[in-house]
Amino acid sequence: MTRLKIKDILKDGKAGSEVVAKGWVRTKRGSKNVNFIALNDGSTINNLQIVVDVESFDETLLRDINTGAAISVKGELVESAGSGQKIELNAKELVLLGGADPDKYPIQPKKHSLEFLRENAHLRFRTNTFSAVFRIRHAMAFAIHKYFNEKGFNYLHTPIITASDAEGAGQMFRVSTLDPKNPPLTEDGQIDFSQDFFGKATNLTVSGQLEGELGALALGEIYTFGPTFRAENSNTTRHLAEFWMIEPEMAFYDLKDNMDLAEDFLKSCIKYALENCMEDLKFLAERLKQEEKGKPEDQRSMDLIEKLEFVLNNDFIRITYTEAIDILRNSKPFKKKKFQFPVDWGTDLQSEHERYLVEKHFKCPVILTDYPKDIKAFYMKQNNDGKTVGAMDVLFPGIGEIIGGSQREENLEKLETRMKEMDIPAEEMDWYLDTRRFGSVEHSGFGLGFERFILFVTGMGNIRDVIAFPRTPKNAEF
RNA sequence: UCCCUAGUAGCUCAGUUGGUUAGAGCGGCGGACUGUUAAUCCGUAGGUCGUAGGUUCAAGUCCUACCUGGGGAGCCA
């Protein structure tokens, strides 16, 4: 008899039918005559209740079926006599597939702190919270591919090892096969990377954007979805050294088209989550509610599902950087000198300013556009005012910047001038500049931090809890 | 990297102005119980108090350094 997944048994299982279920024991409880096993196989947040008539089974077998053990159960589905579930499985055959020594198995049938589970990241998938998070993470990855596929975008695999440091997006991880103790040196004492594997210094990518632009200016619309690496010593709940990024790049799109796409894209994924992950979302929403019970009422966040629906059903506010500065300078916290950092045109907005705009002033996702050129990257489209560029950042409540994007400068001369001003070596970027030399067109793109988006959808508070094996400064376990 | 904060049983924590033998709940184990819902009830084992120094008659408690975790900031996605 083939195994059925617990998700399907709970959904379609008919009383009276015989089935085989396999999974991991969450809890076992009961009395002298009857035991109840809550069995979970990861297909759903819900457990299948296994009813075991104690007298029909070997005592030592039942003793070894404890929290964490893997078992196979053959039996008859019956309508449950208890009130917690509609259907349950009366065990006829029980097989212990893999025991779990209760003295050593760290996951107990009780609430664990996220910090403890992070140290046991290899086993935390077996908890309700993390199985829900990772099912949702999967669903969002799928929704992203589905969205772009339906829009006619091509999934482009940009390189993970790269020789360009062009974007200056951050510190890079070096990729080298040279002997770290005794590297070959050039005449002036520098490390001689011409003898390295690739014949030059190489790093892990910080962004696939520049390569993405090459694809877009031939295929029309492309997107990347892959790992990205930043060697910054960032220790926050929103940063990882290794994270996943989605970077669409579109020919013939101006900044407005770019914003329209970003908003529609985010909403489409959120809609997919609401339509396909409701049980997991409900569990996480309830968890969040319990978590926040201790907090004063005004500090509690909106119910997770209400929050997702709110974002889905409301237009994002779109304002320019200059307008945002005006709003901030007229705000209460500014006038009462509550902001820690100054608000002056030309400086980048600080977290406190972004939070004020999103969480206090508009209470809604905000797209900020047209930033001063000096605080943005060289490739952004230069506006006619000579001061700003066609950048756009999407700010989400609780997360901050979730998307950063721009229209790209398509004019070769303007781009070269800007690169000179910003000391970017044009000779190493010749391949990139070719897009502007041959058939250059207006085009745009953006980058979405996948884990930051998953933070938002799951309501989790720490980015280390939405990626399976987080890489952060001083931590590369597992 | 900076600021704040924490590290005591497998987990979550309490441990007063430094003072005798370091406690609880949960989990584990043993037992009881005719259907439980993270069951309940009774019993039981389990701890060089993050590490290294220092102050003191006396340190889980005070001081210093380091390590690790958490929160915030910067950098950004």
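In this predicted model, strand β15 gives the largest share of the surface near RNA strand B, with four residues.

By class, the surface near RNA strand B has eleven nonpolar, 25 polar and 16 charged residues. Which residues come nearest to the RNA? Of the 52 residues around RNA strand B, these are Lys 110, Lys 111, Arg 118, His 239 and Arg 452. On the RNA side, sugar and phosphate account for 48% of the atoms that come within 4 Å of the protein.

| Residue | Atom of RNA strand B | Distance |
|---|---|---|
| Arg 29 | phosphate oxygen | 2.5 Å |
| Asn 33 | sugar or linking oxygen | 3.0 Å |
| Ser 80 | base nitrogen | 3.5 Å |

**Between the domains**

Now for the protein itself. Chain A is divided into domain 1 (6–107) and domain 2 (126–171 + 206–465), and the centres of these domains are 44 Å apart, taken over C-alpha atoms. Where they meet, ten residues of domain 1 are in contact with nine residues of domain 2.

How much area do the two domains bury between them? The value is about 780 Å², with 44% of it on carbon and sulfur atoms. The side of domain 1 that touches domain 2 has four nonpolar, five polar and one charged residue. Five residue pairs are in polar contact across the two domains, while the count of salt bridges between them is zero.

Notes. Residues are numbered from 1 along each chain as its sequence is written. Chains are lettered from A and ligands numbered from 1 in the order in which they are written. This is a predicted model: local features need pLDDT of at least 70, side-chain atom pairs count only at pLDDT 80 or more; totals for chains, interfaces and linings use all residues. Side-chain values use heavy atoms; hydrogens and water are left out. Domain bounds come from an automatic or database domain assignment. Contact means heavy atoms within 4.5 Å. Buried area is the accessible area (1.4 Å probe) that two parts lose on being put together, summed over both. A salt bridge is a side-chain nitrogen of Lys or Arg within 4 Å of a carboxyl oxygen of Asp or Glu. A polar contact is a pair of N or O atoms within 3.5 Å; within protein, one must be able to donate a hydrogen and the other to accept it, and residues adjacent in sequence count only if both atoms are side-chain atoms. Ala, Val, Leu, Ile, Met, Phe, Trp, Tyr, Cys and Pro count as nonpolar, Asp, Glu, Lys and Arg as charged, and the others, Gly among them, as polar. A residue is near a molecule or strand if one of its heavy atoms lies within 4 Å of it. Helices (H or I, at least four residues) and strands (E, at least two) are DSSP runs, numbered from the N terminus.
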